[in-house]
Amino acid sequence: MTVFFIGAGPGAADLITVRGRDLLARCGVCLYPGSLTPPDLLAHCPADARRIDTADLSLEQIVGELVAADRAGHDVARLCSGDPSIYSAVAEQMRRLDAAGVAYQVVPGVPAFAAAAAELGRELTVPTVGQSLVITRVQARSTAMPPDETLATFAASGTTLAVHLAITRIEQVVGELLPHYGADCPVAVVHRASQPQQQILRGTLSDIAAQVRDAGIDRAAVIFVGRVLAAGNFPDSYLYSAARDRSGASAPERS
């Protein structure tokens, strides 16, 4: 028996991977985050599957359900919003399953920042403008950030930021980034990317906080900061350049 940590994607039911959907359809038990899982996604579960909303469960209760289902001979689908590799709390669940001798696998999903960038219609790595992306969050009602992982530290390089779990601290985010990016730096906020309630705000560090407050957005949003959001006059990538030597079939692709 296996526990499958399945990335359910950013919200739209059809953004789960084919592998994730097929595993969901065969598991006798499904644990899911209630407020973040669309009903259409749960429709892929077997008709007689046990469905458990984890919204009000503690970590120990969740792990208890996983272990009990495994001991009862069931494969288990543990749905995680977005992708399990970031901000999913699967690390502590896997640590406890290791101790309990329960086998598990991780199935990737579409992360929220990728879905948000798609809704913006922007590539986040633009030639000569930005070739790096920092995915981070800020301290709120959550686990403390490592002391060296601050917005100011990341902003010092001028790289593009994707800030999660920070929309209620938008003024703090703006205040810490202004000295590094400038008031005219483009910013975008995507609330509930890919979902029916989706909202998109575009502005700069000078006005985005007011836009967020006026829109009443207080959860489930990604904040992007960086010049790539408004880049227009940039050179074409070398990847498809007519000047590129394509004589070697095994030559590595470079951008």
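Which residues are buried in helix 5 (residues 112-120)? Select that helix and you will find Phe-113, Ala-115, Ala-116, Ala-117 and Leu-120 buried. Buried means under 20% relative accessible area, exposed over 50%, and partly exposed in between, with a 1.4 Å probe and protein chains only. Helices (H or I, at least four residues) and strands (E, at least two) are DSSP runs, numbered from the N terminus.

Before moving on, note that this is a predicted model: local features need pLDDT of at least 70, side-chain atom pairs count only at pLDDT 80 or more, and totals for chains, interfaces and linings use all residues. Residues are numbered from 1 along each chain as its sequence is written, and side-chain values use heavy atoms, with hydrogens and water left out.

**Stop 1: around helix 5**

Contact here means heavy atoms within 4.5 Å.

**Stop 2: the whole chain**

Zoom out. The chain has eight helices and ten strands. Its C-alpha atoms fill a box of roughly 60 × 55 × 35 Å along the principal axes. Of its 255 residues, 45% count as buried. Among contacts with a separation of 6 or more, 68% join residues 24 or more positions apart.

**Stop 3**

Two strands pair if DSSP finds at least two bridges between them. Angles run from 0 to 180 degrees between N-to-C directions, and axes are lines fitted to C-alpha atoms, for helices over the stretch in contact.

Now show strand 1 (residues 3-7) beside strand 5. They pair in the parallel sense over four bridges. Phe-5 stands opposite Val-106 in strand 5.

**Stop 3: helices across the sheet**

Within helix 3, pick Asp-70. Is Asp-70 buried or exposed? Asp-70 is buried, with a relative accessible area of 13%. Beyond neighbours within four places in sequence, Asp-70 contacts Met-1, Thr-2, Val-76 and Val-102.

**Stop 4: Thr-204**

Go to Thr-204 in strand 9 (residues 199-204). Thr-204 counts as buried, at 19% relative accessibility. Pro-186 lies 18 residues away in sequence, yet the C-alpha atoms are 4.4 Å apart. Leaving aside neighbours within four places, Thr-204 contacts Ala-183, Asp-184, Cys-185, Pro-186 and Val-187. Its side chain also makes a polar contact of 2.6 Å with the side chain of Ser-206. A polar contact is a pair of N or O atoms within 3.5 Å; within protein, one must be able to donate a hydrogen and the other to accept it, and residues adjacent in sequence count only if both atoms are side-chain atoms.

**Stop 5: helices 7 and 8**

Finish with helix 7 (residues 170-181) and helix 8 (residues 208-215). Their axes are 9 Å apart, at an angle of about 175°. Ile-170, Glu-171 and Val-174 of helix 7 meet Ile-208, Ala-209, Val-212 and Arg-213 of helix 8.
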